[in-house]
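Have a look at the picture, then read on.

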Amino acid sequence: MATSMIPIFVTFMLVAAHMALADTNMLQDFCVADLSNGLKVNGYPCKDPAKVTPEDFYFIGLATAAATANSSMGSAVTGANVEKVPGLNTLGVSISRIDYAPGGLNPPHLHPRASEAIFVLEGRLFVGFLTTTGKLISKHVNKGDVFVFPKALLHFQQNPNKAPASVLAAFDSQLPGTQVVGPSLFGSNPPIPDDLLAKAFGAAAPEIQKIKGKFPPKK
């Protein structure tokens, strides 16, 4: 009798799991992030609704271009994620502004938790991403154009022109995360061994050390 119940139990558990995964509806109107709480969860704990204000859903930081003069790459990213807009907590969206000096580059990087769509505010850019088979999908985009970068794939934006450029970038995550190839590999803390990187890139150890000198380890 017990044996005959096993298929029924397994079927029940599969159906219950499917229903649980399918239920992605919000359980409240909002969950404004309590950034002062200090708790580490997948997201942030909710602020007391009685203490929520319009400022929790507001951010003015994307209104003007960011300074690119002090950037080695000639680009500057201004993020409006949950850390800047607490009201984004649990909503699964965020936005950034990226400004490019003439010749500026947003170097190859990826967002492990989000796909990205950019809308060109000003200028003309060369943009692209790499598939997992190594195919480059790239295009020149102009003011008013939209281009999409799939989740977790390496991508870049370059301004090869003599005029500044800027985009708005939308993400399907409240905190997309960013890993830039150069600093991640050559500026890790603790550092990745030179011989490992030399073999991976087909380079000599002194060349790896020279590259590492350009990316001080993060503290």
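Two strands count as paired if DSSP finds at least two bridges between them. The elements themselves are DSSP runs numbered from the N terminus: helices are H or I with at least four residues, strands are E with at least two.

A word on the ground rules: this is a predicted model, where local features need pLDDT of at least 70, side-chain atom pairs count only at pLDDT 80 or more, and totals for chains, interfaces and linings use all residues. Residues are numbered from 1 along each chain as its sequence is written, and side-chain values use heavy atoms, with hydrogens and water left out.

Let's start with an open sheet: five strands, in the order β1-β2-β9-β4-β7, with antiparallel pairing. At its edges sit β1 and β7 (146-149), each pairing on one side only. From one strand to the next, the twist averages 25° (axes are lines fitted to C-alpha atoms, for helices over the stretch in contact, and angles run from 0 to 180 degrees between N-to-C directions).

| Strands | Bridges | Facing residues |
|---|---|---|
| β4 (116-122) and β9 (165-171) | six bridges | F119 and L168 |
| β3 (105-110) and β8 (155-158) | three bridges | N106 and Q157 |
| β3 and β10 (179-180) | two bridges | L110 and Q179 |

Now for the loop between α1 (2-22) and β1 (75-80), where N70 is found. Is N70 buried or exposed? N70 is exposed, with a relative accessible area of 80% (buried means under 20%, exposed over 50%, partly exposed in between, with a 1.4 Å probe and protein chains only). The UniProt record marks N70 as a "glycosylation site"; UniProt positions follow the numbering used here, feature names are shortened, and annotations may be inferred rather than shown by experiment.
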